[in-house]
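Hi,

Here's the structure I said I'd pass on. Have a look at it first, and then read on for what turned up.

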Amino acid sequence: MLAQTYRSFKRDLDAKGIIFSFSGYMSEGILYSLGDAMRQKMALEDTDLNTIKKVFSVFIEQAQNIIRYSAEKVSASSVELSSGMVTIGTEQGRFFIVCANVVLDDDVARLRQRLELLRGMGRDEIKAYYKEQLREAPDEKSRGATIGLIEIARRASEPIEFDFDAIDGGKSFFVLKVCI
Amino acid sequence: MERLTIPATERSPEVDFDFAGGRLSIRGESYPEDAAALFGPLFAALDRFLAASPGPAIRFDFELIYFNSSSAKALMNMFQMLEKAAEGGRAVTVNWIFAPEDETMREFGEDFSEDLSHVRFHLVATPPDGG
């Protein structure tokens with residue numbers, strides 16, 4: 001039964017083309033290890049260098065967003081762990097990266113607005129927007145996320161997809177999917 | 001000014017600011033947990049170095065393989081400082097070094113160079129072994 005349960009779980013992941021999936025508390029150390037393993041695996045499979053770099057970049061920005069902005073965190077004196085999920089896979093010969101984490105309902109409107117703006121932009125517009133944000137002096141905390149999301153949109157080969165699912169207690173489950 | 005060297009870590013680049021020789025470099029990867037903690041001291045040192053007038057000519061080599069968006073912002077800040085110094089008469093040369101097949105790093109170099117008119121900016125495509 002145990003083997004059946006987990007075989008079925010693994011089969012579901014395989015059927016979705018998932019290469020690896022991490023769910024749980026994320027730290028910068030885990031981010032480094034996962035990113036490193038991912039790059040090595042892709043290099044072993046002779047994946048094009050520029051594709052590896054795009055996938056890696058989107059992975060890092062998404063994982064760092066989870067670490068910084070997940071609404072589910074535990075922290076001790078020197079460690080801060082943020083809960084979320086990162087999944088990388090292939091479909092129709094292309095890589096995709098999905099990240100998910102819980103966000104506060106109060107932040108949903110602003111996040112949705114930023115993502116919709118990026119979703120509606122063409123490649124050149126995204127590039128120009130990135131530069132504009134680079135030039136701006138770092139100010140309020142929330143602005144940090146903007147440039148990260150633009151970087152993600154910039155590496156995507158088609159418009160980013162996102163969704164929110166309301167859960168209890170003033171929180172929502174946020175998902176962002178990016179195809180390279 | 002005393003030389004500033006910081007060894008690379010898994011997620012941060014090697015820094016070597018040889019102020020006396022006017023040779024500065026940042027090499028490797030940059031996606032630290034806290035970009036401000038990494039770049040803050042670099043900005044402060046660079047700021048003091050650039051304030052010295054007349055100062056020595058500067059050659060700044062950037063040889064980066066990957067950097068995240070908050071590091072990109074820090075690099076932009078650094079370029080703005082260098083441009084200001086160059087505009088004030090300091091001779092500043094930047095070498096942006098990248099692997100020839102690396103389109104992302106080439107494009108970043110092109111993007112950064114667009115804002116620089118007084119800094120001499122060179123895009124240098126170099127194979128990893130210098131061959």
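Let's start where the chains meet: 27 residues of chain A are in contact with 26 residues of chain B, contact being heavy atoms within 4.5 Å. Before going further, a word on the ground rules: this is a predicted model, so local features need pLDDT of at least 70 and side-chain atom pairs count only at pLDDT 80 or more, while totals for chains, interfaces and linings use all residues. Residues are numbered from 1 along each chain as its sequence is written, chains are lettered from A and ligands numbered from 1 in the order in which they are written, and side-chain values use heavy atoms, with hydrogens and water left out.

**Between the chains**

The size of an interface is often given as the accessible area lost when the parts come together. Here chain A and chain B bury about 2,400 Å² between them, and 47% of that is on carbon and sulfur atoms (buried area is the accessible area, with a 1.4 Å probe, that two parts lose on being put together, summed over both). On the chain A side, A:Tyr32, A:Lys53 and A:Leu134 supply 23% of the area that chain A buries against chain B, more than any other three residues.

I get 20 residue pairs in polar contact between chain A and chain B, both residues at pLDDT 80 or more. (A polar contact is a pair of N or O atoms within 3.5 Å; within protein, one must be able to donate a hydrogen and the other to accept it, and residues adjacent in sequence count only if both atoms are side-chain atoms.) Which elements of chain A give two or more residues to the side that touches chain B? They are helix H2 (28-44), helix H3 (49-69), helix H5 (123-135) and helix H6 (144-155). H3(A) gives the most, with 9 residues. Helices (H or I, at least four residues) and strands (E, at least two) are DSSP runs, numbered from the N terminus.

**Salt bridges**

Side chains of opposite charge can pair when their charged atoms come close. The rule used is a side-chain nitrogen of Lys or Arg within 4 Å of a carboxyl oxygen of Asp or Glu, and it gives 20 salt bridges over all chains. Between chain A and chain B the count is 10.

B:Glu107 is one to click on. Its side chain meets that of A:Arg154 in a salt bridge (3.3 Å, N to O), and B:Glu107 also forms one with A:Lys127, where the closest N and O atoms are 3.1 Å apart. B:Glu107 lies in helix H3 (residues 103-114) of chain B and A:Lys127 in helix H5 of chain A, so this pair joins two chains. A:Lys127 has a salt bridge with B:Asp111 as well, at 3.4 Å between the closest N and O atoms. B:Asp111 is in helix H3 of chain B, so that pair joins two chains too.

How much of each is accessible? B:Glu107 is partly exposed, at 23% relative accessible area, and A:Lys127 is partly exposed at 25%, whereas B:Asp111 counts as buried at 3%. (Buried is under 20% relative accessible area, exposed over 50%, partly exposed in between, with a 1.4 Å probe and protein chains only.)

Inside chain B, B:Arg27 and B:Asp61 meet in a salt bridge at 3.9 Å, N to O. B:Arg27 lies in strand E3 and B:Asp61 in strand E4, so the pair ties together parts that are 34 residues apart in sequence. B:Arg27 is partly exposed at 27%, and B:Asp61 is buried at 4%.

**The strands of chain B**

In strand E4 (residues 58-67) of chain B, 7 of the 10 residues are buried, so the strand is largely enclosed by the rest of the structure. Strands pair if DSSP finds at least two bridges between them. Strand E3 (residues 23-30) runs parallel to E4(B), joined by 8 bridges, with B:Arg27 opposite B:Glu63. Strand E5 (residues 92-98) of chain B is also parallel to E4(B), with 5 bridges, and B:Phe60 has B:Val94 as its bridge partner there.

**One buried leucine**

Last one: B:Leu42, in helix H1 (residues 35-51) of chain B, counts as buried at 1% relative accessibility. B:Leu42 touches B:Leu4, B:Ile6, B:Val15, B:Phe17, B:Ile26 and B:Met78, not counting residues up to four places away in sequence.

Cheers
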